[in-house]
Amino acid sequence: MKKPLFERLQAAPVDQPASSVDASDYYYRITFLLGLKPPKEGLARWIYFLWSATVMWLGIVYLPLGLTLTYVLHFDSSLQVDINCIGNVVKSLVTFSQMWRLRRMNELIAPLDARCDTPSQRQILHNVVARVNLIVFIFVSMYLGFGFLNVFTSVLYFVVSIATMQELISDAYPIVFVSLFRGHLAVLKNRIENLRQDPELSEEENYRQLVACIQDHRTIVESAQVIRPILSVTIFAQFMLVGIDLGLAAISILYFPSTIWTIMANVSFILAVCLESFPCCMLCEHLIDDCAHVSDALFHSNWIMNWSVNMVLFELINPAPLTEKVQSRQGNIYLYRAMWLIGWIPPKEGVLRYVYLFWTCVPFAFGVFYLPVGFIISYVCINVYGASVKSTITYLFLWRLRKTEMLLDALDKRLDGDSDHQKIHNMVARCNYAFLIYSFIYCGYAGSTFLSYALSGRPPCLWIQAIVEYITMSFAVLQDQLSDTYPLMFTIQFRAHMDILKDHVRNLRMDPERSEADNYQDLVNCVMDHKMILRCCDMIRPMISRTIFVQFALIGSVLGLTLVNVFFFSNFWKGVASLLFVITILLQTFPFCYTCNLLIDDAQELANTIFQSNWVAKFAFSIITIVRQMNLAEQFQ
């Protein structure tokens, strides 16, 4: 069967191997005709060089020089064509001197063809090959159409065609190779979406697929780096010419005497000039979108899901799998890390304990003593005084948090079933996530105060003072955050154990296979768990009552003074810092009060659950039986 005349214009069957070089087949044929692709050796190489010199002389020297002299001496040529020929000289010389970059890019991108191992990926590349060759074919038709129309106005059709085709190779290669980049990015996106989708592959094989995707992306980026210098020069020259050529072509049509053939030549010239820039710019925009789609595919791939579970820095903001043992105290990990950073949790023994105690004195000296003394009466000063009191109370009663954690450990031993463990896992993630949000907001306030100072036009010599004050402010803000977050953390933990207790009470006497002794022991365990939760509340109540009393005493005056400062005395940046301060003030009380109300509702629901449990139903049945046996009803008659 004979091959079709324009074989490359049709997508090859998917059973054939994909080849990126085929996408530039028509393009390299044109470069061969124009003397830009000589044979590697032999006599034909020297004969071909003679042809290359002839073509370069006619298209780059003779035609631009002749058009320029004709226009200058006789005013008898198209000025826009003359200017475009001069620009063609620059683009053709750059393209001819940098042809090695195109061949190098083909060598770099060729190994990616072997990675197309599925029919869908090969189909993507086959479609790209057919589309690129079709675009080159359309370009040839348009450019030669312009040269053909000049047959009726000039006897130099052969020379004009040579110059036109030289301009074609300078304008078409960006479209050819950018389209290749888009095709391989589409293949890479498809491969990323299929990562870890085959359950029969081992982790080692999945890892090799991920590494191969990374290598392919690096290859595409390296190929883009190779072609960027030649592309930037030619497209710069094109943008310099396109505006001038379009304007002069329109002027030539509208204001100078023209025949129908010269008008058609100018219209074809305008179309050719638009084809020189518009398709390349449009493909570059699509290439940017393709890069974004690859990033989205990577973000939604199974590798990202697996990686997010194994994150180290923010691992605890996501619920751990049920196969992992989690305790209630892990809900305070971020809280205790901040306490350790601020100097509140010293080592138990050794020389490091005394070094750490010295560090403990530094944040206390700056945050609890120096900063309140350094402020004059203001709304910030009032809050700083309150923060000093709260920080001191929290530090002195840290032993109560440790005791409460020991009681929570005892409650963790009563967990039964995946449902109980899932509630603890969710609680741990919720506590650490809440503390992380608090950290961002509180540190954001401290950072905004520094930015408001730095952006207020102060001289750089005062920035050292601003940095020292920012560090001092950070000590106080972190201490205030610890005093405001621990009540919320432990209240969330109490609610989780109250929810578990409700489930245990709801399940009393629900298993018909358990004996009465086992059911009675379940009831005793529920009573003991409830007493344990009450002990936790009693242990932490003196600590919370003191800090929340100080907070309620401060919040009204601080909010009022902040609003007065925002409305009457602040510029923009200070207003932003003050509004962030208002948010932190609200965060000091609202979440904890809201959680306490939910805890009260949980206690009420627990009472309702006990009333509706099977133990209460059995107790009521026993009372009725006793009344009947005593004949109390007859004795009252």
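This is a short walk through one predicted model, from the whole chain down to single residues.

Let's start with the chain as a whole. It has 637 residues, and 43% of them are buried. The secondary structure comes to 20 helices and 0 strands. The accessible surface is about 34,700 Å², and carbon and sulfur atoms account for 68% of that. Now take contacts between residues at least 6 apart in sequence. Of these, 81% join residues at least 24 apart.

Next, the cores. The largest nonpolar core has 71 residues. Which residues have the most contacts inside it? They are Met 339, Trp 344, Leu 401, Leu 482, Met 489, Phe 490 and Phe 494. Eight names to keep in view on the screen, and they are helices: H11 (333-342), H12 (351-374), H13 (379-396), H14 (398-412), H15, H16 (463-506), H17 (516-568) and H18 (572-611) each give two or more residues to this core. H16 provides the largest share, 17 residues.

Look at Met 489, one of those residues with the most contacts inside the core. Set aside the neighbours within four places in sequence. Met 489 then touches Gly 331, Asn 332, Leu 335, Cys 431, Ala 434 and Phe 435. There is also a second, separate core of 59 residues. Among its members are Tyr 26, Leu 58, Val 176 and Ala 297.

Stay with H16 for a moment. Thr 491 lies in that helix. Is Thr 491 buried or exposed? Its relative accessibility is 4%, so it counts as buried, the cut-off being under 20%. Beyond its neighbours within four places in sequence, Thr 491 is in contact with Phe 592, Thr 595, Cys 596 and Leu 599. Here is a distance to go with that. Thr 491 and Leu 598 are 107 residues apart in sequence, but their C-alpha atoms are 9.5 Å apart in space.

Ser 388 is another polar side chain to look at, this time in helix H13. At 9% relative accessibility, Ser 388 is buried. Leaving out neighbours within four places in sequence, its contacts are Gly 367, Val 368 and Pro 372.

On to the aromatics. How many aromatic pairs does a search of the whole structure find? It finds 11. Take Trp 57 and Tyr 62. Their ring centres are 5.5 Å apart and their planes meet at 25°, so this pair is stacked. Trp 57 is partly exposed at 47% relative accessibility. Tyr 62 is partly exposed too, at 34%.

Now compare Tyr 438 and Tyr 442. Their ring centres are 5.9 Å apart, and the planes are at 25°. Because that angle is under 30 degrees, this pair is stacked as well. Both tyrosines sit in helix H15 (residues 417-454), 4 residues apart, which is about one turn of the helix. Tyr 438 is buried at 4% relative accessibility, and Tyr 442 is buried at 3%.

Trp 344, Phe 364 and Tyr 395 are linked into a cluster by ring pairs. And Arg 402 places its charged end over the ring of Tyr 336, 4.4 Å from the ring centre.

Last topic, the cysteines. How many disulfides does a search of the whole structure find? The count is 0. Take Cys 593. Its nearest cysteine sulfur belongs to Cys 596 and is 6.4 Å away. A disulfide needs the two sulfur atoms within 2.5 Å, so Cys 593 is in no disulfide. Cys 593 is partly exposed, at 27% relative accessibility.

Cys 116 is buried, at 6%. Cys 280 is buried as well, at 5%. Cys 280 sits in helix H9 (residues 260-299). What is Cys 280 in contact with, leaving aside its neighbours within four places in sequence? Pro 174, Ile 175 and Ile 235. Ile 175 is 105 residues away from Cys 280 along the chain, yet the C-alpha atoms of the two are separated by 5.4 Å.

To recap: 20 helices and 0 strands, a largest nonpolar core of 71 residues, a second core of 59, 11 aromatic pairs and 0 disulfides.

Definitions and conventions:
Residues are numbered from 1 along each chain as its sequence is written. This is a predicted model: local features need pLDDT of at least 70, side-chain atom pairs count only at pLDDT 80 or more; totals for chains, interfaces and linings use all residues. Side-chain values use heavy atoms; hydrogens and water are left out. Buried means under 20% relative accessible area, exposed over 50%, partly exposed in between (1.4 Å probe, protein chains only). Rings of Phe, Tyr and Trp (its six-membered ring) pair if their centres lie within 6.5 Å; planes under 30 degrees apart count as stacked, over 60 as edge-to-face and the rest as tilted. A charge sits over a ring if NZ of Lys or CZ of Arg is within 6 Å of the ring centre and within 35 degrees of the ring normal. Contact means heavy atoms within 4.5 Å. Accessible areas come from the Shrake-Rupley method with a 1.4 Å probe; for residues, only the protein chains shown count as cover. A nonpolar core is a set of buried Ala, Val, Leu, Ile, Met, Phe, Trp, Tyr and Cys residues joined through side-chain atoms within 4.5 Å.
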